[in-house]
Amino acid sequence: MSERMFWSNKMKKRYDITGLGYSATDYIGFVPRIPVENTKLELSSLTVQGGGPAATATVTAARLGLTAAFIGKRGDDDFGERSARELAGENIDISGIVIEKDGCSHFAFIMVNEETAERTILWSRGSISMLEAGEVDTSIIGQSRGLLIDSLEPAAALHAARFARENGIEVLIDAGTLREGVEEILPYCDHIITSETFSRQFSRGEGHAQTLRKLSSYGPHSAVVTVGEGGCLALVDGEVIEIRGFDVKAVDTTGAGDVFHGSYLFAVLQGLDTAGCCVFSNAVAAMKCRAAGGRAGIPSLDEVLSFLAANGHGGLFDPGSTGS
């Protein structure tokens, strides 16, 4: 089955998606347990990969076969050069990345419990300034069918989302934390995907169902709360539904949410309805967890289709199973 069969008749623009937001270099160390203070603990392994919410989501879309571009900011240091090189290696257009002279780029050190696959993330923005609205190359976004933003560059994300809305481009936001400025972006988003952390903050502890109903007031096409290995919750026809995750032997959960977001926008562009997008994204995110780091385990589309078929969802892309 050709990976291009789903969207070949829709590719009227240069890019299927543009990602905008945070890109980083991740150092991922595996440990027998997450250490407490004043403890020495030997790493069992160490891997270095690109990371960051919007960047990893964009890589996911590219792995699934979409044409993609990325807009962000980096320093002219080794971290920044490595992160950009990894994106370019995925055939992602990086011409929209702004380079700040003498800047220290974003990076993170991630400790992964080798028994549970859960992780603790220590991250830094480095010394580079926030991406400003005036630094966003909207001509790249204008050549795209979809825009994926995270909440770590709110001024730039707001500018980009407004532009995309004015030009009929699908906008998906990865709302990971309720940061200042994020709520201002939500009215311009067609798909709002939140973490459990955002949901707790947004609903003031009233629960995910309340989050979804509040998000619906902004008028998105879909609203979803991801809940880790449990899958996700979504609002469909005014009702909150649960879409269970897939059981896999997890090695590392780093980046699973980011992969979910890139998969979700892929599924949107194929015409799947909200429930179908959730099933597809749950599958891709679960498959990612079978390898170390946020990107090493991201599968191809053919691998995802085989996984779905083996897990009772072989008809997900059949005619009549998708939304308009």
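**Notes on the predicted model**

1. Let's start in the middle. The largest nonpolar core has 49 residues, and V224, Y264, F280 and L308 are the ones touching the most other members. The top contributor is α9, which gives nine residues. Keep in mind as you look around that this is a predicted model.

2. Which residues does L308 contact, leaving aside its neighbours within four places in sequence? Look for F246, V279, F280, A283, H313, G314 and L316. There is also another core lying apart from the largest one; this other core has 33 residues, including L20, V136, L147 and L235. As background, nonpolar side chains in soluble globular proteins tend to be buried together.

3. Now for the sheet. It is open, has nine strands and mixed pairing, and reads β5-β4-β1-β8-β9-β10-β11-β12-β13 in order. Which strands sit at the edges? They are β5 and β13 (239–244), and each of them pairs on one side only. Going from one strand to the next, the twist averages 20°.

4. Zoom in on one strand pair. Strands β8 (residues 144–150) and β9 (residues 170–175) run parallel and are joined by five bridges. I149 has I173 of β9 standing opposite. If pairing is new to you, strands of a sheet pair through backbone hydrogen bonds, either parallel or antiparallel.

5. Helix α7 (residues 208–216) lies across β10 (191–194), β11 (222–226), β12 and β13, and α7 runs at about 155° to β11.

6. Is α1 mostly covered or uncovered? Covered: 10 of its 11 residues are buried. Among the buried ones are P53, A54, V59 and A62. Just after α1 comes G65, with a positive phi of about 115°.

7. On to the aromatics: the structure holds seven aromatic pairs. Take Y27 and F79, whose ring centres are 6.2 Å apart with planes at 80°, so this pair is edge-to-face. Because Y27 lies in strand β2 (residues 24–31) and F79 in helix α2, the pair ties together parts that are 52 residues apart in sequence. Ring pairs also bring in F107, giving a cluster of Y27, F79 and F107.

8. In general, an α-helix has 3.6 residues a turn, so residues three or four places apart point the same way.

9. One last thing to look at beside that pair: K214 lies over the face of F202, at 4.3 Å from the ring centre.

Methods:
Residues are numbered from 1 along each chain as its sequence is written. This is a predicted model: local features need pLDDT of at least 70, side-chain atom pairs count only at pLDDT 80 or more; totals for chains, interfaces and linings use all residues. Side-chain values use heavy atoms; hydrogens and water are left out. A nonpolar core is a set of buried Ala, Val, Leu, Ile, Met, Phe, Trp, Tyr and Cys residues joined through side-chain atoms within 4.5 Å. Buried means under 20% relative accessible area, exposed over 50%, partly exposed in between (1.4 Å probe, protein chains only). Helices (H or I, at least four residues) and strands (E, at least two) are DSSP runs, numbered from the N terminus. Contact means heavy atoms within 4.5 Å. Two strands pair if DSSP finds at least two bridges between them. Axes are lines fitted to C-alpha atoms, for helices over the stretch in contact, and angles run from 0 to 180 degrees between N-to-C directions. Rings of Phe, Tyr and Trp (its six-membered ring) pair if their centres lie within 6.5 Å; planes under 30 degrees apart count as stacked, over 60 as edge-to-face and the rest as tilted. A charge sits over a ring if NZ of Lys or CZ of Arg is within 6 Å of the ring centre and within 35 degrees of the ring normal.
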